Amino acid sequence: MRRFLSLAFLLFTYAVLAALKPNVLLIISDDLRDTVNCYGNPAAKTPNLNRLASRAVRFEHAYVQYPVCNPSRTSFLTGLRCEQTHVVNNSTMFRSQLPDIVTLPQLLRQNGWHTTSYGKVFHVGEVMGEIREGWMDVGKSWDEGRMFQPTSEGKVIEGRNLTGGKLRWCEWGATQGADDDQPDGQTAKNSIATIEKFTAGGKPWMVAAGFHRPHDPFISPKKYFDLYPPGSLKLYHDPTNITPLAPLSMDAQVGRLMDTLDRLKLWDNTVVIFCGDNGYHHNERNWWNKSTLFERSCRVPLMIAAPDAKPGTVCRSLVEFVDLYPTITDYSDLQAPHKLAGESLRPLLQNPSAKGRDAAFTLVTRGANKYGQAVRTDRWRYIQWSDGHAELYDELNDPEETHDVHQDPKNQPLIEELKALLAKIGPLQPARPRET
Ligand SMILES: [Ca+2]
């Protein structure tokens, strides 16, 4: 009996320790907007993201703090708003502004997790070698970090430019080869190997899998294009029919990661975050790309599966990407050394119908001397530009944000309330001079 009790106590202790050191699987998809089946786009074939949604809480109103790669990723991986990080473009290496900040993976690493970055996690500039490792923050945030190139077979592409060459980046292409001939397939493959290795060794891990797709150029192995035969998609007509630029190859890589969690029975001790890094316009307002303060650009898919989260549910409360860092410190019982801008999403994960925050904030800059800040509430989007211009949109009656109502006199008291919310965030301060 005593032996049985000792064993039970030991198992209980292991369970408690394991619960305090959950694994973290962070999956980032570059430039993913809501072109996902479970986000209400039935033409998109994303079976694996639907499968993840059945295990996760799917956030319907999640907002990035800046709708471009580097500022957005720096923000949510440091837990600070872009007004605080001063990283507001893709050419500033975040350590030049935040040399001593303890990032989310760094905090886990300092506390016994093995942390690994595959693919594009922190934004990486057009650099190679040691400089690339510096941008990836290997040695500080990560024990290991690797980015990948397509194989020679994966570089054989058939496709065309969608703008007749006007925009070089705007092209599609079907490649020869299989998943692992592309960087995203290699990211999945290496992530799986690391998960297997450190799970077998009994060490908690954080694996960040940063997939490049659906970011331009719109390239995937041919088998994914074959799922949409010519004529099977409706052409885009603003704003009623949305072209489902389905992120299919990325969806398949997420499926491989989920298969691994299934096979190793890791769901009970792993927090899985799946997210984009910014939204995207598909020619709404004649604009292809991101960088605006409209809903299409600021709202991004976010799904989280955690041991005590309610699986297969939808949370309609406003949440921000700065909430991700405190969510993980909550699950791992750690304290960041700096004050985090967000709040843990754990209460919403446990009860997705609970009330969330009152507002979500996003920043963009326009050159060195102009910037705009948006505040999104349940009903409204108010944008305040540093040159004094302002915009107000009613998300309930005008979800495509086509009617700016900021000059309507009856909205002035509301605008004062929204300005007061923005005032809590404060203005964008000048960056440090030491940019790379
Ligand atoms: Ca991006």
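The protein chain has 14 helices and 17 strands. Both are DSSP runs numbered from the N terminus: helices are H or I with at least four residues, strands are E with at least two. This is a predicted model: local features need pLDDT of at least 70, side-chain atom pairs count only at pLDDT 80 or more, and totals for chains, interfaces and linings use all residues. Residues are numbered from 1 along each chain as its sequence is written.

Overall dimensions. The C-alpha trace spans about 80 × 50 × 45 Å along its principal axes. For 436 residues, a compact globule would have a radius of gyration near 22 Å, and the chain agrees because its value is 22 Å. That radius is taken over C-alpha atoms, and the globule rule is 2.2 Å times the number of residues to the power 0.38.

Burial. Of the 436 residues, 46% count as buried. Buried means 20 or more other C-beta atoms within 10 Å of the residue's own; exposed means 12 or fewer; partly exposed is in between; C-beta atoms are placed from the backbone.

Now the core. The largest nonpolar core has 97 residues. Such a core is a set of buried Ala, Val, Leu, Ile, Met, Phe, Trp, Tyr and Cys residues joined through C-beta atoms within 7 Å. Ile27, Leu52, Ala56, Leu257, Ile273, Met303 and Ile304 touch the most other members. Strand β7 (residues 205–211) gives the most to this core, 6 residues. Take Ile27: beyond four places in sequence, Ile27 touches Ala209, Val254, Leu257, Ile273 and Phe274. Contact here means C-beta atoms, placed from the backbone, within 7 Å.

Next, strand β1 (residues 23–29), where Asn23 sits. Asn23 counts as buried because it has 24 C-beta neighbours inside 10 Å. Pro204 is 181 residues away along the chain, yet the two C-alpha atoms are separated by 5.3 Å. Leaving aside neighbours within four places, the contacts of Asn23 are Pro204, Trp205, Leu266, Asn269 and Thr270.

How do helices α2 and α10 cross? The axes of α2 (residues 47–55) and α10 (residues 248–263) come within 7 Å, at roughly 45 degrees. So α2 is oblique to α10. From α2, the contact uses Pro47, Asn48, Leu49, Arg51 and Leu52; from α10, Asp251, Ala252, Val254, Gly255 and Met258. Axes are lines fitted to C-alpha atoms, for helices over the stretch in contact, with angles from 0 to 180 degrees between N-to-C directions. Under 35 degrees is roughly parallel, over 145 roughly antiparallel, 65 to 115 roughly perpendicular, and the rest oblique.

Terms used. Two residues are in contact if their C-beta atoms, placed from the backbone, lie within 7 Å.
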